[in-house]
Amino acid sequence: MTGGVPAVAPSKRVFESLKNLTDRPELPRRHFIADRLYSPGQNPVKFQMPMRKLGYGFVADMRRDTRGVQTITTSGAPIVDGTAYCSAILNMPRLLDPYTAWEKGQLTDQQFSNLLEARKCLALARYGTKPNKKGDVRLGCPARAEGAEITCPLVPPAEEGKKKAGFQKDALTDSEVPSKAACPKVCQQRTMTLKNTAEDGAKFLQHGPAFMTAEWRKEYGRRNTVESRNAMLKNGSYQGAGDVTTRLMRGWAAQMLCMAMPAVGVNLAMLDAAAWSRPHTGQKPTPPPPRGGRKPSSDDIKQWKLGDNAPPKAA
């Protein structure tokens, strides 16, 4: 457990909080999911880059001023909404920031979902599920990758990625891809290494599903677990630790002790609930009926038109 002043040195607080996990190499590491204060809000040298070296990738939300084309890597691959894409996407304006158009009502929900799906075939192929020990990731040309869904004028037929028989690939046109004279590194070879550096987009690069796709909404929706635990710790109907009048005393040691006791109470409550909810037969328990109408799920796309930094309603 660690404590500090809200919004002061948040990246430092993260490493303090994760120490119990990072000191134990046998524990699995995959995605770091948090609000925008952490990613993309922090200095990549102090936060995203060290986190990748520890084996964590990112699944993050986007502020309005950071959506769309976020940077062009040293290999020429644009990072759009946290995902590295084929450079051809730069010549497809509708695919660069469909979220803003959808948010303004210029796209229907279905049109927005269609554009998100259309971007998938242009995403650079991934080799590995998380960064290596240096924090680097291996990516490749989507037209050369196994299971490729597109063909490219810059890729000879002999180098094209294989797809199951009968699948009709989409063909990129000469006007959509760079000229051979201005062909970036990402278009010249099958794979390339995206370095764990600010120049290669360490601040924005995500390692999970593409932003706002159904897969991303499900993965990022896991943040609700944290929010519900915070509610149990802080709300007056549970432990009430968020009420400062319950801990009017001086000194960090006293404050930490007052926070530790409610945290223990939350853990005991969750263990107790898990013990009672465990079925004693092979039959699964019947879930309780929803209160106040249908409970939204993480795949309910309309709920993602909420205010900045708000978690989804599904919890």
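Trainee: Which residues make up helix α8, and how far does it reach from its first C-alpha to its last?
Mentor: Helix α8 covers residues 223-234, which is 12 residues, and reaches 17 Å from its first C-alpha to its last. That is close to the 16 Å expected at 1.5 Å a residue; the expected span is 1.5 Å times one less than the number of residues. This is a predicted model, where local features need pLDDT of at least 70, side-chain atom pairs count only at pLDDT 80 or more, and totals for chains, interfaces and linings use all residues. Residues are numbered from 1 along each chain as its sequence is written, and side-chain values use heavy atoms, with hydrogens and water left out.

Trainee: Which residues in α8 are buried?
Mentor: Arg-223, Asn-224, Met-232 and Leu-233 are buried. Buried means under 20% relative accessible area, exposed over 50%, and partly exposed in between, with a 1.4 Å probe and protein chains only.

Trainee: And what does the secondary structure of the protein come to?
Mentor: There are nine helices and 10 strands. Helices (H or I, at least four residues) and strands (E, at least two) are DSSP runs, numbered from the N terminus.

Trainee: OK, new topic: how many salt bridges does a search of the whole structure find?
Mentor: The search finds 14. A salt bridge here is a side-chain nitrogen of Lys or Arg within 4 Å of a carboxyl oxygen of Asp or Glu.

Trainee: Which residue does Arg-222 meet in a salt bridge?
Mentor: Arg-222 meets Glu-219, at 3.1 Å from N to O. Arg-222 counts as exposed at 53% relative accessibility, while Glu-219 counts as buried at 16%.

Trainee: What about Glu-103, which partner does that side chain meet?
Mentor: Glu-103 pairs with Arg-64, again through a salt bridge, at 3.1 Å from N to O. This pair links distant parts of the chain, 39 residues apart: Glu-103 sits in helix α4 (residues 98-103), and Arg-64 in the loop between β2 (57-59) and β3 (69-72). Glu-103 is partly exposed at 23% relative accessible area, and Arg-64 is partly exposed at 44%.

Trainee: Where does Arg-63 come in, and what does it form a salt bridge with?
Mentor: Arg-63 forms one with Asp-65, and their closest N and O atoms are 2.9 Å apart. Arg-63 is partly exposed, with a relative accessible area of 31%, whereas Asp-65 is exposed at 61%.

Trainee: Last one: how much of the protein counts as buried?
Mentor: Of its 315 residues, 40% count as buried.
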